[in-house]
Amino acid sequence: MNIYIITFSHTTNVGAALQEYALYKFLKIKGYDVKVVDYIPKVIRKKQSVWENVIQSKNLLQAIKGMLMIPLKIVRKAKFDSFSKRYIELTAVCKNSFDLEKLKQPDIYLVGSDQVWNLELVGIDPGYFLQFRTTAKKAAYAASAGEDRFTQEFKENLKANTNDFSAISVRERILKQAFHDLGNNSVCQVLDPVFLLSKKQYEKILRKPKLRKYILVYEVEHDKRCINVAKKLAEYHGLKVVQINRIQNKYHLDKLYPCISPAEFLGLVQYADYIVTNSFHAVAFSLIFEKQFWVIKLQERFSRLESILEIAKLENRVIVNSNVNLERKIDFHNVKKNLEFKKKESEDFLESVLNE
């Protein structure tokens, strides 16, 4: 069986890159003929441009700052492109639905995971909703909209653009409920693709950091509470504090990693003593590598983190303010059971779609 995956391609976000790798690798291990569609619509090309910050700048100072970031963006893009080239087989580049129609069509298209149905990111894009001419079967695996609330207009668009799918699974409970509100009770909630692979499989591709005895801070949205909590933990446990994707060390941390590859990210998580984050995928890999972590609650768009913490039954790892229990540890015995049960459901969904 030939499978094409449509998700965010050529990304420079570690979570997006690793979920792409995980779904591809899982299906390859199962013996399927798999490719990731190198789909880069205009909205994604614009976001990935090294000139984006310069073009979007509102004044000269912002433009100068954007210019100074260009070398870093070039290095980051090169690291991610190298990872993709090494581990993932891509189709020819597709920039629109017409290019998608020109591909030799597979037996099935799988769209997802990540926020492929996030209106703010990509809008109602025909590629991510598989709305182009094809003879292939259509299905969604762990698709996400990345929102905590949905308008009626969004729900109607969701229904109209997925009514020819043979099967749909989503990543967040709230999106599953949106489909149920539309009368589609067959939609199920599954795990993000990164959970389809084992810790040992990730250890084969990670890059070990030289640093040891540290707390890793990773923010998708800047929040000083992350730093405050990390510093409290570091002082109590005698650890260093390091941060990913920051170039200015205004909080005087022990080390910054301004530009990391997916393999370097895996290594930093694996060898950390604690993770402090508001990132979904930082939590996901903390669970996979069985690392102690604390989650700083986002004001908005927290449903993706809320969903995985509910599945793991670790809602008590969320911090609303900067107060943290310095001694409370996660017992991963029951967490593993909870995740394995959901992983089996996720694998069963894929098997049912592919063997139908």
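Glutamate 89 forms a salt bridge with lysine 35, with 3.9 Å between the closest N and O atoms, where a salt bridge is a side-chain nitrogen of Lys or Arg within 4 Å of a carboxyl oxygen of Asp or Glu. This is a predicted model, in which local features need pLDDT of at least 70 and side-chain atom pairs count only at pLDDT 80 or more, while totals for chains, interfaces and linings use all residues. Residues are numbered from 1 along each chain as its sequence is written, and side-chain values use heavy atoms, with hydrogens and water left out.

**Salt bridges**

- The structure holds 17 salt bridges.
- Glutamate 89 is partly exposed at a relative accessible area of 35%, and lysine 35 is partly exposed at 26% relative accessibility; buried means under 20% relative accessible area, exposed over 50%, and partly exposed in between (1.4 Å probe, protein chains only).
- Arginine 173 and glutamate 310 meet through their side chains in a salt bridge of 3.0 Å, N to O, and this pair links distant parts of the chain, 137 residues apart, with arginine 173 in helix H8 (residues 173-181) and glutamate 310 in helix H13 (residues 303-312).
- Arginine 173 has a relative accessible area of 40% and is therefore partly exposed, and glutamate 310, at 27% relative accessibility, also counts as partly exposed.
- Within helix H14 (residues 332-354), glutamate 345 and lysine 342 lie three residues apart, about one turn of the helix, and their side chains meet in a salt bridge of 3.0 Å, N to O.
- Glutamate 345 counts as partly exposed at 34% relative accessibility, whereas lysine 342 counts as buried at 14%.
- A network of salt bridges links Asp114, Arg171, Glu172 and Asp192.

**Aromatic pairs**

- The structure holds 17 aromatic pairs, for which rings of Phe, Tyr and Trp (its six-membered ring) pair if their centres lie within 6.5 Å, and planes under 30 degrees apart count as stacked, over 60 as edge-to-face and the rest as tilted.
- Tryptophan 117 and phenylalanine 129 form a stacked pair, because their ring centres are 5.1 Å apart and their planes stand at 5°.
- Tryptophan 117 lies in the loop between strand E4 (108-111) and helix H6 (119-122), and phenylalanine 129 in the loop between H6 and strand E5 (137-143), so this pair ties together parts that are 12 residues apart in sequence; both residues are buried.
- Phenylalanine 265 and phenylalanine 285 form an edge-to-face pair, at 6.0 Å centre to centre with 85° between the planes.
- Phenylalanine 265 belongs to helix H11 (residues 262-270) and phenylalanine 285 to helix H12 (residues 280-288), so the pair ties together parts that are 20 residues apart in sequence; both are buried.
- Phe265 and Phe285 also belong to one aromatic cluster together with Tyr202, Tyr218 and Phe289.

**Surface patches**

- Lys42, Arg45, Lys46, Lys47 and Lys95 gather in a patch of positive charge on the surface; patches are made of residues with over 30% relative accessible area and no salt bridge, with like charges joined within 9 Å and nonpolar side chains (Val, Leu, Ile, Met, Phe, Trp, Tyr) within 5 Å.
- Accessible areas come from the Shrake-Rupley method with a 1.4 Å probe, and for residues only the protein chains shown count as cover.
- Lys and Arg count as positive and Asp and Glu as negative, without His and the chain ends, and the place of a charge is taken as NZ of Lys, CZ of Arg, CG of Asp or CD of Glu.
- Lysine 42 lies in helix H2 (residues 42-48) and counts as exposed at 65% relative accessibility.
- Leu60, Ile64 and Leu68 make a nonpolar surface patch of about 340 Å², in which leucine 68, found in helix H4, counts as exposed at 64% relative accessibility.

**Backbone geometry**

- The peptide bond from glycine 112 to serine 113 is cis, with omega near 5°, and serine 113 is placed in the loop between E4 and H6.
- Lysine 213, which is not a glycine, has a positive phi of about 55° and is found in the loop between helix H9 (199-203) and strand E8 (214-218).

Methods. Helix = DSSP H or I, 4+ residues; strand = E, 2+ residues; numbered from the N terminus.
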